[in-house]
Amino acid sequence: MAKIYVDCKDKAGKEIYDKIIQTSLEDTILGKSLIEVKMICREDEPFFVIGALPKSTSKPIKMRDIVSIEETKKENGKTITKLKIEDETYAPQLLKKINIIDQPSRFEIITDSPIDMDEVIHDAKDDFILKLLDFMNRVFPEGMRIRKTFYGKSIVMIASEKPFTEEWIKKALELKEELEKNN
C-alpha cells in the first residue's frame, strides 16, 4: 500500500481523509501501484490538493508484440498484408487501428493499411492515469467543482468551490515538486 500523508488542521478531518484515501485506493485497486499519496486539506478557505507518485507502469504494447507478418503482396498499387495474431489480448485495439479487408479466421487478418511493427497499440499508462484521476475525484468532497490537474512524474489535482488563488496553485505545484524530488 502507498504511504499516505494528510495535512489537515482538524485532527478528526485528518483521520477521516486518511480513511477515505485508503478506501478509495482499495476501490480503484491502485494501492500497490503508488509510492506515495499526499493531501492538503484547507476546509476553511476551502481548497483541497491531492498528489500521487506512481511506480513505473508497464511498457507500451507495440504491433510486433501481438502480430506477425505472414505475407505481403502488391495489388492494384496497394500493399496487402496478411497478419497472424499471436496474442489476442490487444486484438480489439489493433482492429481499431487498421483497415480490415478480410479476416479468414480468428487469428488471420488481411489489411491494406500501412504496417509499422513499432506502432503502439495499447499503452497501459493511459488506463492508469484515468484510474488515478478517478481515485482523486472520489477523495475530494462534493461541491468542489473547480478542478485543475498537473501532470509529470507525479500527478497533482487541486479542487475548490471558488476560483483558485495564486497561493493555492503555488501549494499544488510545491506538492508536485516535493513528490517528484523525494523519490
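# A first look at the chain and its core

The largest nonpolar core has 26 residues, and those with the most contacts inside it are Ile21, Ile50 and Phe135. A nonpolar core here is a set of buried Ala, Val, Leu, Ile, Met, Phe, Trp, Tyr and Cys residues joined through side-chain atoms within 4.5 Å. Two or more residues of this core come from each of β1 (3-8), α1 (11-28), β2, β3 (47-54), α4 (124-139) and β11 (155-160). Of these, α4 gives the most, with 6 residues.

Welcome to a predicted model, in which local features need pLDDT of at least 70, side-chain atom pairs count only at pLDDT 80 or more, and totals for chains, interfaces and linings use all residues. Residues are numbered from 1 along each chain as its sequence is written, and side-chain values use heavy atoms, with hydrogens and water left out.

**Overall layout**

- The chain has 5 helices and 11 strands; these are DSSP runs numbered from the N terminus (helices: H or I, at least four residues; strands: E, at least two).
- Domain 1 covers 3-58 + 124-182, and domain 2 covers 61-121; such bounds come from an automatic or database domain assignment.
- Between the C-alpha centres of domain 1 and domain 2 there are 41 Å.

**Dimensions and surface**

- Along the principal axes, the C-alpha atoms fill a box of roughly 70 × 30 × 30 Å.
- The radius of gyration of the chain is 23 Å, while a compact globule of 183 residues would have one near 16 Å; this radius is taken over C-alpha atoms, and the globule rule is 2.2 Å times the number of residues to the power 0.38.
- Of the 183 residues, 38% are buried (buried means under 20% relative accessible area, exposed over 50%, partly exposed in between, with a 1.4 Å probe and protein chains only).

**Contacts around Ile50**

- Not counting residues up to four places away in sequence, isoleucine 50 touches several residues, including Ile21, Val37, Phe135, Ile155 and Leu175; contact means heavy atoms within 4.5 Å.
- Across the chain, 54% of the contacts with a separation of 6 or more join residues 24 or more positions apart.

**A closer look at Arg42**

- Arginine 42 sits in strand β2 (residues 34-42).
- Arginine 42 counts as buried because its relative accessibility is 9%.
- The side chains of arginine 42 and aspartate 7 make a polar contact (3.0 Å); the term means a pair of N or O atoms within 3.5 Å, where within protein one must be able to donate a hydrogen and the other to accept it, and residues adjacent in sequence count only if both atoms are side-chain atoms.
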